[in-house]
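Have the structure open while you read.

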Amino acid sequence: MAPVVRKIIEILAYLVMLVLVLIYFTGNGLFIYEEF
Amino acid sequence: MWYLNMSSLLAIAGMAIVLGLTRFWPQNKRILLLVFNLCFIGVYSQKLAVFYIAYTLLNYAAFVWLAWLKTARFPSFLALIAANVACVTVLRLFAMDVWQHPWFDAVITLGLIYNVLKVIDALYFAYFIGKDAVVPIIDYANYVLFVPTFTSGPILKFRDFMADAKQPCRVDAQAAETSVKRIILGLFKKIVLVTWMTDLFDRVGAMELTTLHSLFLMVWFYILIYFDFSGYSDIAIGFGRLMGYNIPENFKRPFLSPTLTQYWRNWHATLGDWFRDHIFTFAARKNPSRLTAAGLSLLIMLLIGLWHGFSWLYVAWGLYHGLLMAGENLLSQSLVNKRKVSKAYFYGRCLLTQAFVTLAVIVYCPDQEMVLKIYRGLLHLPFL
């Protein structure tokens, strides 16, 4: 049971991250190292 | 930055899917990737594509010539490296508007400081392996133009890339899952965390700064740039692996480095490895004296400073790191083995290393006025 629960939590965590990425995605970001 | 553009992300993801669908064609990633790399760069900027095609062809010719050369190999090897360094230097001066010409602008310097290191690594390969260094031009071009790492690394190793090129792109379900998770994590760091952290950094930075403000900004910026750069590396590693190439790790628990020497093996590890392999090991060979090691450490950190940018702040940053590392070498303190010292000593050394790094890491901030403001604020003690 524990591995299944762990997998569900992991999937949820990555889904939350993905949703936040889509919310914050502007297409205008700049990677800081490109300014060198 | 092409990872932060939706069309680019979809194009790279689409290419990974195409490679997955053509997994039973042994040449899939070599041929399809070259077409993809050229098209991607061409769509981004035709000028960039023309420059990189010429740059790749010239360097491939130099690679083959050096591999077959029988006499005056060493001076030729050095001359080819010098020519590459001179090319980058001149183009960067054009990009900085020190010199001006309508053909040259900042676009063609995109990724150049990374790609020149890759090209030099290939020259080392040709020099040491000689005429057995047979590499097809298609693999050489993919090495230089590889889209996932093109703009900002991690810096690929020529030998490893060529070994991967011999294998068809066959990504199994587990590797695909790991890579996709890595990409999501990287995007989360890069797009969400860095956005939140930059907002607070800008707000505090706009205030009149005291010592505490400056110290906060230094620590905050250190964490911010870690998420920024490690997030980028996560995305590049994830996409690279989906395309059938093992991309080296750039961050190997850098906050648990007990000395600066070890720190530079764990933070932006591919850069530290490149300078250690191509300058330190090449010049010092085996068992260098403490004085030689110290001198080379100082030279390497100055070069890394200049590699980051042609400014006095980066020269000062390189000198600072170089002198600290030279001190570690002279005092035989460059390596600490966790198993041979107490926990308190080990973590104390890690803390000291982080303190040294934090004091100078703000130099990476693109706004030089802000850097100077933070250093001035550091001296602005509350009781003065």
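1. Start with the H3(B)/H6(B) pair: these helices cross in a right-handed sense. Bear in mind that this is a predicted model, here and in every point below. H3 of chain B covers residues 46–68 and H6 of chain B covers residues 137–145, and the two pack at an angle of about 125° with axes 10 Å apart. Because of that angle, H3(B) counts as oblique to H6(B).

2. Who does the touching in that pair? On the H3(B) side you'll find Tyr52(B), Thr56(B), Tyr60(B) and Phe63(B). H6(B) answers with Ile137(B), Tyr140(B), Ala141(B), Val144(B) and Leu145(B). Sorted by class, the contact has 8 nonpolar residues, 1 polar and no charged. While you have the side chains up, remember that an α-helix has 3.6 residues a turn, so residues three or four places apart point the same way.

3. Next, H4 of chain B, residues 73–95. This helix has 23 residues and reaches 33 Å from first C-alpha to last, close to the 33 Å expected at 1.5 Å a residue. Which of its residues are buried? Leu80(B), Asn84(B) and Leu91(B) are, and the buried residues of H4(B) pack against H3 and H5 (112–129) of chain B. Just after H4(B), have a look at Asp97(B), which takes a positive phi of about 65°.

4. Just after H9(B) comes Gly244(B), with a positive phi of about 90°.

5. Now for the partner of H9(B). The axes of H9(B) and H15 of chain B (residues 368–378) come within 7 Å and cross at roughly 135°, so H9(B) is oblique to H15(B). The crossing of H9(B) with H15(B) is left-handed, whereas that of H3(B) with H6(B) is right-handed.

6. The residues that meet there are Thr211(B), His213(B), Ser214(B), Leu217(B) and Met218(B) from H9(B), with Ile374(B), Gly377(B) and Leu378(B) from H15(B). By class, this contact splits into 4 nonpolar and 4 polar residues, with no charged ones.

7. Leaving out residues up to four places away in sequence, Met218(B) touches Thr358(B), Val361(B), Ile362(B) and Ile374(B).

8. Is Thr210(B) buried or partly exposed? This residue is in the loop between H8 (173–205) and H9 of chain B. Thr210(B) has 17 C-beta neighbours inside 10 Å and therefore counts as partly exposed. Its C-alpha is 8.6 Å from that of Ile374(B), although 164 residues separate the two along the chain. Ile374(B) is also one of the H15(B) residues that meet H9(B).

9. Lastly, chain A. How many helices and strands does chain A have? The count is 1 helix and 0 strands. Of the 36 residues in chain A, 8% are buried.

Terms used
Residues numbered from 1 in each chain as written. Chains lettered and ligands numbered in written order. Predicted model: local features only at pLDDT ≥ 70, side-chain atom pairs only at ≥ 80, totals over all residues. Axes fitted to C-alpha atoms, helices over the stretch in contact; angles between N-to-C directions. Helix = DSSP H or I, 4+ residues; strand = E, 2+ residues; numbered from the N terminus. Parallel < 35°, antiparallel > 145°, perpendicular 65-115°, else oblique. Left-handed = near helix turned anticlockwise from the far one by under 90°. Contact = placed C-beta atoms within 7 Å. Nonpolar A, V, L, I, M, F, W, Y, C, P; charged D, E, K, R; others polar. Buried ≥ 20, exposed ≤ 12 C-beta atoms within 10 Å, placed from the backbone. Expected span 1.5 Å × (residues − 1).
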